[in-house]
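Please consult the sequence and the structure shown here while reading.

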Amino acid sequence: MLMNVVLVILFLMLLGAIPTWPHSRTWGYYPSSGLGLVVLVLLFLILTGRA
């Protein structure tokens, strides 16, 4: 259940990181770097067996 919620949140963050909407064109690399950080943390948790 928790993994499904995490996948949905990651998918929504991925959509938000794509600068195709007018309100997000000036955000720069902030959304995609935040998404990368979340993915790295999740990968670390999965590899250590804590997720």
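In this predicted model, V8, F11, L12, L14 and L15 make a nonpolar surface patch of about 470 Å²; such patches take residues with over 30% relative accessible area and no salt bridge, joining nonpolar side chains (Val, Leu, Ile, Met, Phe, Trp, Tyr) within 5 Å and like charges within 9 Å. A salt bridge is a side-chain nitrogen of Lys or Arg within 4 Å of a carboxyl oxygen of Asp or Glu, and areas follow the Shrake-Rupley method with a 1.4 Å probe, only the protein chains shown counting as cover for residues.

The protein chain has two helices and zero strands (DSSP runs numbered from the N terminus, H or I of at least four residues for helices, E of at least two for strands).

| Residue | Helix | Relative accessibility |
|---|---|---|
| L15 | α1 (residues 2–17) | 33% |
| G36 | α2 (residues 30–48) | 30% |

Both values count as partly exposed, between buried (under 20%) and exposed (over 50%). Buried residues make up 12% of the 51 residues.

Residues are numbered from 1 along each chain as its sequence is written. Local features need pLDDT of at least 70 and side-chain atom pairs pLDDT 80 or more, while totals for chains, interfaces and linings use all residues, and side-chain values use heavy atoms, without hydrogens and water.

Note on methods
Buried < 20%, exposed > 50% of the residue type's maximum accessible area, 1.4 Å probe, protein only.
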